[in-house]
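Hi,

Here is the structure I said I'd pass on. Have a look, and my notes follow below.

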Amino acid sequence: FTPKQANKGYALRAIAQHLDIPITECIVFGDSDNDIEMFKIAGKAVQIGDLDILSLHAHIQLSNPQELIQWLKEQNIINT
């Protein structure tokens, strides 16, 4: 058993608040159903893979980690 607020969404909200970053400016990445709460509140949610239940909450779907690297470069988040 875990408390209701013990999820990635709660953690994301707490970290963003601590760092004084608007939640709408947060980009999250995930591939599992334990990412749903985080996906629901983030400004942008990027799904890796094809889990149907997660895709309901994703803004962007990528097939694999290699596509994620390319997407990060296109967004100018990384520049390697």
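Let's start in the sheet: Val46 has Ile60 in E3 as its bridge partner. Strand E2 (residues 44-48) and E3 run parallel and are joined by three bridges; two strands count as paired if DSSP finds at least two bridges between them. Helices (H or I, at least four residues) and strands (E, at least two) are DSSP runs numbered from the N terminus.

Before I go on: it's a predicted model, so local features need pLDDT of at least 70 and side-chain atom pairs count only at pLDDT 80 or more, while totals for chains, interfaces and linings use all residues. Residues are numbered from 1 along each chain as its sequence is written, and side-chain values use heavy atoms, with hydrogens and water left out.

The open sheet has three strands in the order E1-E2-E3, with parallel pairing. E1 and E3 (60-62) are the edge strands, each pairing on one side only.

Now Asp35, which sits in the loop between strand E1 (27-30) and helix H2 (36-41). Asp35 is buried, at 2% relative accessible area (buried is under 20%, exposed over 50%, partly exposed in between, with a 1.4 Å probe and protein chains only). Leaving aside neighbours within four places in sequence, Asp35 is in contact with Lys8, Gly30 and Leu54 (contact means heavy atoms within 4.5 Å). With Lys8, the Asp35 side chain makes a side-chain polar contact at 2.7 Å; that term means a pair of N or O atoms within 3.5 Å, where within protein one must be able to donate a hydrogen and the other to accept it, and residues adjacent in sequence count only if both atoms are side-chain atoms.

Cheers
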